[in-house]
Amino acid sequence: MASGVGAKPVHFGVDGATNLAGLIGGKGTTGVVLAHQAEADLCQWILGFNELIDKGYRVLAFDFHGHGSSESSEVGFDEDVVAAAATLRADGATSIVLVGASMGGTFSIAATPKITPPVAGVVSVSAPLAYGGVSAQQETPKISVPALFLANQDDGLFGDAAKEFKAAATASPDAQVLVTSGAIHGVPLVIEGGDAKLRAAYFAFLAKNAPA
């Protein structure tokens, strides 16, 4: 995987475990955790990883347990995201946004209410309501930070799911949804060359809630 400015490999896990593999890059105090989709690994986010670093963010892309270079685990996948946020904070990030695609979005949404101190926001791209035994739909009403739900309308049920998440995010001070025409799924929507409207909403959300 190509790496960005100052990128370095890290190993971390829940309660001090080191079963998860990731890559941290950037030097900013505002951090972004990138969570990949199913049948993928952190390399899926390479363009987004480097773009965020170029914008001044400190970024952690990681492999969920049982994916890529990460070993298996018995904890919920949302706990991987909680551990990733703690790792990025320990590396120097004082403000963190979770960004997840597809299943990574589901797990990022579910992890958001569990993270202390709270993250600055969460971005979900094409997330299903539930995945891998984790129900993001059930956790969404507990989200008390800004949230952005993105999807293409003709991508299966994911466009409708984004709207359902927005409707359920009643405790969020700034919950937004944007569903555009098309049938592209996940990461390709928000990386370079992706959906212009969704990318604009994504970077506007970051600039507003967690400026680099």
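In this predicted model, helix α2 meets helix α3 through Phe 77, Asp 78, Val 81 and Val 82 on the α2 side and Phe 107, Ser 108, Ala 110 and Ala 111 on the α3 side. By class, that contact brings together six nonpolar residues, one polar and one charged. Phe 77 and Phe 107 also belong to one aromatic cluster, along with Phe 12, Phe 62, Phe 64 and Tyr 131.

**How the helices cross**
- The axes of α2 (residues 77–90) and α3 (residues 103–111) come within 8 Å and cross at roughly 70°.
- The two helices are therefore roughly perpendicular to each other.
- Their crossing is right-handed.

**Aromatic pairs**
- The count of aromatic pairs comes to eight.
- One of them joins Phe 12 and Phe 62 edge-to-face, with 6.1 Å centre to centre and 70° between the planes.
- This pair links distant parts of the chain, since Phe 12 sits in strand β1 (residues 8–12) and Phe 62 in strand β4 (residues 58–62), 50 residues apart.
- Both Phe 12 and Phe 62 are buried.
- Phe 64 and Phe 77 have ring centres 6.1 Å apart and planes at 80°, so this pair is edge-to-face.
- Phe 64 counts as buried at 0% relative accessibility, and Phe 77 counts as buried at 17%.

**A look at Thr 29**
- Thr 29 lies in the loop between β2 (20–25) and β3 (30–35), and at 47% relative accessibility it counts as partly exposed.
- Beyond its neighbours within four places in sequence, Thr 29 is in contact with Gly 92, Ala 93, Thr 94 and Ser 95.

Technical notes: Residues are numbered from 1 along each chain as its sequence is written. This is a predicted model: local features need pLDDT of at least 70, side-chain atom pairs count only at pLDDT 80 or more; totals for chains, interfaces and linings use all residues. Side-chain values use heavy atoms; hydrogens and water are left out. Helices (H or I, at least four residues) and strands (E, at least two) are DSSP runs, numbered from the N terminus. Buried means under 20% relative accessible area, exposed over 50%, partly exposed in between (1.4 Å probe, protein chains only). Contact means heavy atoms within 4.5 Å. Axes are lines fitted to C-alpha atoms, for helices over the stretch in contact, and angles run from 0 to 180 degrees between N-to-C directions. Angles under 35 degrees count as roughly parallel, over 145 as roughly antiparallel, 65 to 115 as roughly perpendicular and the rest as oblique. A crossing is left-handed if the near helix is turned anticlockwise from the far one by less than a right angle, and right-handed if clockwise. Ala, Val, Leu, Ile, Met, Phe, Trp, Tyr, Cys and Pro count as nonpolar, Asp, Glu, Lys and Arg as charged, and the others, Gly among them, as polar. Rings of Phe, Tyr and Trp (its six-membered ring) pair if their centres lie within 6.5 Å; planes under 30 degrees apart count as stacked, over 60 as edge-to-face and the rest as tilted.
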